[in-house]
Structures are given as C-alpha cells and as structure tokens.
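I opened my notebook to jot down a few things worth looking up in this structure.

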Amino acid sequence: MADLQRHAAEIHDQFSDQLDITVEEVQDRLETLVDEYKVPADEARRSVVSTYLDEAGMDRDQLGGGSGGNASVLVGEIDEDEQWVDLRVQVADLWEPRSDAVSQVGLLGDESGTIKFVAFETSDLPELEEGASYALGNVVTDEYEGNYSVKLNRTTSITALDEDVEVGDDATEVEGALVDIQDGSGLVKRCPEGDCTRVLQNGRCNEHGEVDGEYDLRIKGVLDDGESVTEVIFDEEATTELTGIGLDEAIDMAKDALDTEVVVEEMREGILGRYYRVRGPTFGRYVLADETERLDDPVDAEATLIKARSI
Amino acid sequence: MSSIPTREVARRAFAREFNDAGYTFKESDDERAPLYALLPTGERANRVFVVGTLMETEDVGDESEYWRGRIVDPTGTFFTYAGQYQPEAAAALRELETPGFVAIVGKPRTYETDEGDVRVSLRPESITVVDQATRDRWVVETAERTVERIEAFDPETSEYAAMAEEQYDLPVETYRDQAIAALESLDDGEMPDAGAEPAD
C-alpha cells in the first residue's frame with residue numbers, strides 16, 4: 001500500500017493547481033482499482049490520471065511531473081514508458097520532421113548513448129540547436145516496439161549549458177556462451193524487391209510472394225551468461241569472421257548437398273557451446289555484432305576462489 | 001510485456017548440485033508452462049549449460065535407439081539421454097569419440113528408479129565438441145554463479161531459497177566446498193575423482 005500512497009501523492013501534486021482534490025481521495029480511487037478490480041498499480045495510476053485529466057480538461061502533455069521533482073537520468077537508463085524525467089544532453093542530430101505537428105525531431109545524447117526526441121508545434125518551445133548542450137526538465141518517456149524515445153512538452157524547461165555534454169557510444173557489449181542458433185540462420189535468400197531484404201521462407205517473401213531471392217549469410221544466435229540471454233545478429237561479414245565460411249563457399253556447399261541446411265549445420269558445429277564477447281549497437285531486442293571475439297584465453301580462477309573462500 | 005514468453009536462461013551448476021535437484025515444479029497450471037528443477041542453492045532451472053568430458057556413450061534403447069552419455073565435471077557425472085525426439089543430439093552421441101570435451105545445452109528431467117530414488121538427467125537440445133579452454137572457462141563461470149547463488153541464499157527474501165529449504169535437507173556450504181575444489185583442480189590440472197554413480 002505504501003506504493004499506492006506514493007502514487008497518490010504524486011498524482012495529487014500533478015493536479016493540485018487545477019483540481020480541488022485530496023491525497024486520500026486519489027488513494028481511494030487507486031485502491032478501488034487495485035484491490036477490487038485487481039488492476040496493476042501502474043495501470044491504476046494511468047487510469048486515475050486520465051480521469052483527472054478529463055475533469056480538468058487538460059491534455060496529457062500539459063501534465064507536469066509534480067512538485068516532487070523528477071529523477072535525473074541518463075538516456076541509456078530509460079526503460080519504462082510514461083516516466084517524467086530530467087536530462088542533461090547534447091543535441092546529437094536533428095532530422096527533418098515528417099509531420100506538421102512536429103516542430104523538431106532528432107537524437108539527444110549523453111555519456112550513456114543517444115535517444116530519439118520529439119518536440120511538438122503545440123508545445124511552443126524554443127528551438128534546440130544541433131551540437132549544443134542543454135538541461136531539459138520535465139520530459140516524458142515513450143515506448144514503441146521496445147524502443148524508447150522522449151517527448152518534450154509545454155512544461156519542459158530548456159536551459160542551455162556552457163559545458164559540452166559528451167555523447168557516448170551506444171554500442172553494448174555482451175559476453176556468454178553461444179547456446180542456440182535460431183531458425184533462419186546460415187545461408188539464406190533475401191527478397192530482391194526494392195529495399196525489402198526480407199528473408200524468404202520456402203522461396204516466398206511475406207510481402208512480395210514468390211521471388212527469385214539473393215543469397216546472404218547471417219546468424220541469429222543466443223548468448224547466455226547464466227543470468228541473462230541476449231539475441232545477437234551476425235551479418236554476412238560477421239558470420240564469415242565467426243565461422244570461417246564465406247558466401248561463395250556456403251553456396252558451393254549448398255549446391256553440392258542440394259540443401260542449404262548443410263551450411264548452418266556446419267556452422268553450428270564450429271561455434272555452438274563456445275564463449276564469445278560481442279560488441280555492437282542494439283536494435284530492438286537484438287545486438288548487431290560489429291566486433292566478435294572468441295573467449296579462449298586461459299581463465300584466471302583466483303578471483304572466484306577468493307570469493308568462494310570468503311563466504 | 002510479460003505476456004511475451006522470453007527465452008529461459010541456461011543456468012550453470014556443477015554435476016553434484018544438478019543431480020541433487022530432484023524437485024521439479026511449474027509456476028502455472030497451463031500444461032505448456034515451463035518445468036523447473038529446483039537447484040539446492042535456491043534457483044529455478046528450466047535449462048542448463050554444461051561443459052565437461054564425455055566419457056562414455058551407449059545405446060540403451062530397446063526397439064529404437066536411445067543414447068545415454070556420461071559427462072564428467074570436477075564434481076561428478078551428468079547423465080544425458082537422447083532418443084528419436086532429439087535426433088541431432090542422438091546422432092551426436094552415436095558419432096562422438098570418447099573421451100572428449102563437449103558442451104551441452106539441455107533441460108533437466110527427473111525420473112524415479114524402482115527403488116524410489118529420484119534421478120536427475122539432462123535432455124539435450126544440442127551437443128557440440130569443444131576444447132579445453134571452453135571447458136576451463138565453464139568451470140570458473142559455474143563456480144562463480146554457484147558462489148553468487150550461495151551468497152544470495154536467504155529463505156526470508158528469496159522464493160526459491162525458501163523452497164529449497166523446504167524441499168531439501170542439503171546445506172549450501174557443500175556446494176561452496178565443491179566449487180572451491182573444482183577451481184583448485186584447474187590449478188594443478190588434475191581432475192578430482194569424478195565419483196561416478198550408476199544411472200540405473
């Protein structure tokens with residue numbers, strides 16, 4: 001219940017200028033949803049906020065984060081939808097807005113990497129300059145298919161900074177044993193239509209039907225360190241580096257066997273169950289392998305031994 | 001987002017702890033819900049990753065092929081079984097030379113012997129030949145994960161530690177001592193006695 005109390009206090013703060021409500025009333029509404037209707041707390045909060053937005057005749061982007069102050073976060077830490085946060089960032093890139101409603105769109109960066117941002121015409125904010133650094137107060141996070149962005153809104157405060165915020169490389173590094181190679185790996189055919197490039201299944205593209213595909217190599221693999229799993233995609237170059245099998249060789253293997261599956265079977269034998277370190281940008285739930293290193297140096301057991309003996 | 005089934009992590013456990021993990025459970029009534037073996041150090045394992053020395057393979061099937069493999073690590077022996085439903089793993093067991101280092105990704109399975117003892121075995125998803133560097137890395141990693149589980153073992157705060165305390169009478173210190181022995185075996189390059197026990 002302490003959690004609901006906190007939610008109630010925050011919601012109360014958000015509306016205290018517009019509505020005559022008490023923390024207890026807010027908490028009552030939350031409790032009804034959570035206790036009687038078994039709604040998760042986050043969902044209950046969303047619903048109660050919507051109700052009050054209607055009552056106050058406000059839009060969601062007019063809503064402040066409350067007087068409690070937001071968390072200052074790094075862009076790489078953003079992993080939840082609809083959070084009110086403060087950022088210190090450099091404008092890493094500005095793009096051409098595709099919609100008239102959007103005043104600015106681009107990338108904001110800090111040491112943890114970059115994140116997409118959107119500012120809307122209706123928010124009437126000063127323009128951000130590419131390459132300049134700002135403290136942004138009260139921006140709200142957004143999620144689409146696992147990718148996060150931030151939205152500026154009319155309550156967002158924009159303060160130009162004298163110092164430059166450094167923009168980090170948002171490549172991630174993962175380590176672990178390669179425990180699986182998924183379907184659609186090895187020698188594949190891609191749809192040649194326009195810039196489609198979908199991988200064909202039994203000679204068919206999901207979008208363009210039966211087409212004459214173009215050969216490519218790729219591996220969709222799973223790295224597992226015993227605590228978490230990461231899906232990794234190796235493109236043609238990375239696949240060849242990983243397996244030692246080039247595209248021409250793979251095509252010859254498939255032609256000799258009259259079966260493309262022999263390629264992935266051969267690759268599997270060479271790499272499955274080994275340890276790797278992979279570095280590259282993340283794309284949705286995948287890491288795209290830019291650099292791959294096989295971990296086969298002798299390991300040092302000493303640190304683990306000390307830890308084991310100390311418990 | 002929790003509605004999207006996510007891939008189960010492959011836990012790391014030495015053979016002795018794995019063979020002690022005879023209690024299995026599901027977390028929902030759905031018949032397709034994942035089956036977990038409870039590790040005595042207080043973690044659930046739907047999948048494990050094992051690297052060790054394949055000592056022996058044998059077709060123990062009656063009418064159709066059913067291959068058994070014995071894989072030894074510094075603490076004991078893993079038994080793995082593969083038949084017609086694991087054709088690639090069965091083919092690997094049929095063809096592999098022994099002894100040799102192998103990596104196995106697989107699922108814990110339990111069965112009861114005629115005497116009423118619960119045995120834990122490994123149903124393989126894949127078996128591949130690896131080298132000693134991979135095997136040594138696995139020993140250190142498995143010791144590290146085991147020690148982390150023991151450090152975090154608190155029946156007050158961890159559901160699976162509480163479950164382990166209820167289901168087993170197995171002090172976690174045993175597994176720490178085994179982890180230490182496993183790490184020490186890397187230093188002198190010797191395998192301690194594998195303590196093999198028959199599977200049936």
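**Entry 1: a helix and its cover.** A reminder to myself first: this is a predicted model. I looked up helix 4 of chain A, residues 236–243, and its buried residues are A:Ala238, A:Thr239, A:Leu242 and A:Thr243. Seen down the helix axis, these buried residues fall within an arc of 115 degrees, so they line one face of helix 4 of chain A. Then I asked what covers them. The cover includes strand 12 (214–224), strand 13 (229–234), helix 6 (261–271) and strand 17 (291–294), which belong to chain A. After helix 4 of chain A comes A:Gly244, with a positive phi near 75 degrees.

**Entry 2: strand 6 and its partners.** Which way does strand 4 of chain A run relative to strand 6 of chain A, parallel or antiparallel? I found strand 4 (residues 113–120) parallel to strand 6 (residues 147–151) in chain A, with three bridges joining them. Here A:Val118 has A:Lys151 of strand 6 as its bridge partner. Strand 5 (residues 133–144) of chain A runs antiparallel to strand 6 of chain A, and five bridges join the two. Strands 5 and 6 of chain A form a hairpin with two residues between them, and A:Glu145 in the turn has a positive phi of about 50 degrees.

**Entry 3: where the chains meet.** How many residues does each chain bring to the contact? I noted 25 residues from chain A and 30 residues from chain B. On the side of chain A that touches chain B, strand 8 (172–181), strand 12 and helix 7 (302–310) of chain A each supply at least two residues. Helix 7 of chain A gives the largest share of that side, five residues. By class, the side of chain A that touches chain B has 13 nonpolar, four polar and eight charged residues.

**Entry 4: backbone angles to remember.** A:Asn138 is not a glycine, yet its phi is positive, about 65 degrees. A:Asn138 sits in strand 5 of chain A and is buried, with 21 other C-beta atoms within 10 Å. A:Glu82, also not a glycine, has a positive phi of about 55 degrees. I found A:Glu82 in the loop between strand 1 (71–72) and strand 2 (84–95) of chain A. A:Glu82 is partly exposed, with 14 other C-beta atoms within 10 Å. In chain B, a cis peptide bond joins B:Thr98 and B:Pro99, with omega about -10 degrees. B:Pro99 is in the loop between helix 2 (87–95) and strand 8 (100–112) of chain B.

Note on methods:
Residues are numbered from 1 along each chain as its sequence is written. Chains are lettered from A and ligands numbered from 1 in the order in which they are written. This is a predicted model: local features need pLDDT of at least 70, side-chain atom pairs count only at pLDDT 80 or more; totals for chains, interfaces and linings use all residues. A residue is buried if 20 or more other C-beta atoms lie within 10 Å of its own, exposed if 12 or fewer, and partly exposed in between; C-beta atoms are placed from the backbone. Helices (H or I, at least four residues) and strands (E, at least two) are DSSP runs, numbered from the N terminus. The arc is that of the directions from the helix axis to the C-beta atoms. Two residues are in contact if their C-beta atoms, placed from the backbone, lie within 7 Å. Two strands pair if DSSP finds at least two bridges between them. Ala, Val, Leu, Ile, Met, Phe, Trp, Tyr, Cys and Pro count as nonpolar, Asp, Glu, Lys and Arg as charged, and the others, Gly among them, as polar.
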